[in-house]
Structures are given as C-alpha cells and as structure tokens.
Amino acid sequence: MANTIETYHVPVLLKESVDGLNVHPEGIYVDVTFGGGGHSREILSRTDATCHLFSFDQDEDAERNILDKYGPGKFTFVRSNFRYLANWMRYYGIDGIDGLIADLGVSSHHLDDEDRGFSFRFNSPLDMRMNKRAGKTAADILNEYDEEKLADILYMYGELRNSRRIAAAIAKARGKSRIATTQDLLDAVSSVMNREREKKELAKLFQALRIEVNHEMDALREMLASATELLKPGGRLSVITYHSLEDRIVKNVMKTGNPEGKAKNSDDAEEEEKEEAKETAAADKKVGVFLPSSADDPRWSADGETLQNTLEDDG
C-alpha cells in the first residue's frame with residue numbers, strides 16, 4: 001500500500017509533545033522515531049538556521065520521507081535503531097542535546113502495510129521486523145521457540161492471561177506444518193481465543209510478537225539511558241507511549257533517571273547515598289513530558305552500511 005508523506009503516519013498529540021520540548025530556535029534536538037516526519041517537521045518549523053535535528057528510523061520505508069528541503073546543515077537522517085543513539089551522537093561529535101522526542105509503538109503505516117504481518121487484518125507473511133535487513137521474523141519465533149519460552153513472551157509482552165493455552169495451541173499447529181502467515185497463526189489459536197475479547201486478545205498476541213521480534217523493551221531502556229546522559233541541564237525528554245510496558249519504563253526514567261526506578265542494591269550506605277544523588281541529578285537534568293496515548297491504534301551505499309554496522313556493534 002503506497003503512502004504519501006502526509007498519510008504515512010499521522011502523529012497523535014503532535015502539538016502537545018513538541019510543546020513539551022520547549023524548542024529553542026538554536027538548539028540541538030533528536031527525534032528517535034522519524035516515521036512520516038511529522039514531529040521532525042514541527043520541531044524544525046520552530047527553529048532557525050543554527051539549530052540541528054537528528055532523526056532516527058530503522059525502517060527503509062521511512063527514508064522516502066526525508067526532509068531534503070532543510071539541507072544537511074539543519075537536518076540529519078540516521079537509518080538506525082534508536083538503541084544506538086549514544087554511538088551515533090558520538091560519531092557526529094555531539095556531546096549534549098537540548099531535547100529528545102519519541103513516539104513509541106507501531107505506526108499506522110506498518111499496521112496498514114498488507115505485506116509485513118503487523119496486523120491480523122491481512123493475510124501476509126509473518127515478518128514484523130522494523131528493520132527488514134536483520135533479525136528473526138515473527139514466523140521464526142513461532143516455529144523455533146520452545147513452548148514455555150513462547151508462553152512467557154506472550155504473558156510478559158502481551159499480558160495475555162491465557163498465554164500457556166495459546167502457546168500450546170501454536171506448538172500443536174506447528175507440529176503439523178510451519179506457521180508462515182498471519183492466517184496460519186489465526187487458525188492455530190482460534191480454538192483458545194475468548195470470542196467476546198477475540199480482537200483485543202489478537203491485538204495483544206501480535207503486540208507481543210512484534211516486541212520480541214524487534215527487542216523493543218531492551219531498545220527503549222538503552223535509548224532512555226543514553227538520553228539521560230546526553231540531555232543538557234534543563235533539556236527536555238518528550239515521550240508518547242501506547243501500552244503499560246512502555247509506560248512503566250518511561251515513568252521510572254522520568255522519576256529517577258533509571259529504567260528500573262530504583263538504585264542498585266548496596267550494602268555500603270555511603271555508596272547508596274552516592275547512587276541516590278546520581279539518580280536525583282539525572283532526574284533533575286531534564287524536564288520529563290510523559291504522554292500516554294489514548295489512540296486506538298497501537299499504532300547507503302556499501303560504505304554507509306559498513307559504517308552503520310560498526311556503530312551498531314560498538315557497545
């Protein structure tokens with residue numbers, strides 16, 4: 001399905017999230033979820049020629065929306081997972097930013113794509129990779145993970161109470177033939193779905209698989225940890241979340257500067273005190289703007305690729 005830059009993804013809470021950044025015309029900003037470029041365009045519209053915006057997206061489809069009119073002096077597109085934020089900022093010589101915005105979850109573009117398996121509305125290959133160049137697909141996970149691990153993922157990332165029954169149904173179905181398409185998966189789990197909540201349970205099932213395929217929770221933790229280090233004093237972190245798993249991690253960072261929401265255990269009182277002071281400083285360093293969404297939708301050359309792989313392999 002073809003999308004124009006206007007229809008690729010219409011961001012929710014656009015004004016509120018960018019207002020939360022308190023954009024300075026000459027600042028350095030990062031949009032870690034470029035997508036259709038909506039937030040990036042809004043940020044750039046509030047800045048002058050001395051500003052610079054770095055926008056991240058790992059999906060090659062998003063590259064079609066690059067904001068060429070702003071030129072390399074004001075805008076840089078980085079095709080990478082946002083978990084590598086620190087590496088790329090170091091590469092570009094940036095040691096501090098004035099604000100970072102993140103619109104988490106899946107975009108409407110992905111949900112409307114009939115060929116990548118993000119939605120159960122279409123019969124398509126079970127891919128679900130945001131970056132089509134790397135990693136296991138959803139089909140690989142469904143067919144290769146043992147039943148217990150699969151159940152744990154469905155419970156942890158989909159918050160499905162009947163995760164073990166669903167995993168057992170998947171294991172039974174794949175014993176007969178490989179689960180390769182969204183329809184294969186729907187057929188496999190149909191007997192264990194609650195008819196009254198079927199669509200909600202399927203949405204949670206697909207969410208859990210997508211999160212596992214793209215390692216979304218680990219990536220979020222790493223990105224937020226890097227963001228708290230990069231933000232200048234008074235810098236702003238503006239994040240739109242779509243489900244409780246994201247909410248919890250973001251709230252913890254907003255409160256303490258730590259994705260887990262607490263200091264590491266220590267038997268040494270002095271070390272605990274230092275850790276608490278460090279976390280307080282991290283929390284004070286930024287002004288957090290937490291925006292849970294109420295939307296229904298969960299929503300280069302060879303040399304360039306070598307450079308990307310180097311930066312993304314560098315811890």
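Start with the aromatic rings: searching the whole structure gives 7 aromatic pairs. Rings of Phe, Tyr and Trp (its six-membered ring) pair if their centres lie within 6.5 Å; planes under 30 degrees apart count as stacked, over 60 as edge-to-face and the rest as tilted. This is a predicted model, in which local features need pLDDT of at least 70, side-chain atom pairs count only at pLDDT 80 or more, and totals for chains, interfaces and linings use all residues. Residues are numbered from 1 along each chain as its sequence is written, and side-chain values use heavy atoms, with hydrogens and water left out.

**First stop: Phe34 and Phe75.** Select both rings: the pair is tilted, because the centres are 5.9 Å apart and the planes at 40°. Phe34 sits in the loop between strand 1 (28–31) and helix 2 (38–45), while Phe75 belongs to strand 3 (residues 75–78), 41 residues apart. Helices (H or I, at least four residues) and strands (E, at least two) are DSSP runs, numbered from the N terminus. Phe34 is buried at 2% relative accessibility, and Phe75 is buried at 6%. Buried means under 20% relative accessible area, exposed over 50%, partly exposed in between (1.4 Å probe, protein chains only).

**Next: Phe54 and Tyr92.** Here the ring centres are 5.3 Å apart with planes at 45°, so this pair is tilted. Phe54 is in strand 2 (residues 52–56) and Tyr92 in the loop between helix 3 (85–91) and strand 4 (97–103), so the pair ties together parts 38 residues apart in sequence. Phe54 is buried at 3% relative accessibility, whereas Tyr92 is partly exposed at 33%.

Which side chain does Ser55 join by a polar contact? Show Ser40: the two side chains are joined at 2.7 Å. (A polar contact is a pair of N or O atoms within 3.5 Å; within protein, one must be able to donate a hydrogen and the other to accept it, and residues adjacent in sequence count only if both atoms are side-chain atoms.) Leaving aside neighbours within four places in sequence, Ser55 is in contact (heavy atoms within 4.5 Å) with residues including Phe34 and Phe75, the rings of your first stop.

Look in the loop between helix 4 (108–112) and helix 5 (138–144). Met128 is buried, with a relative accessible area of 0%.
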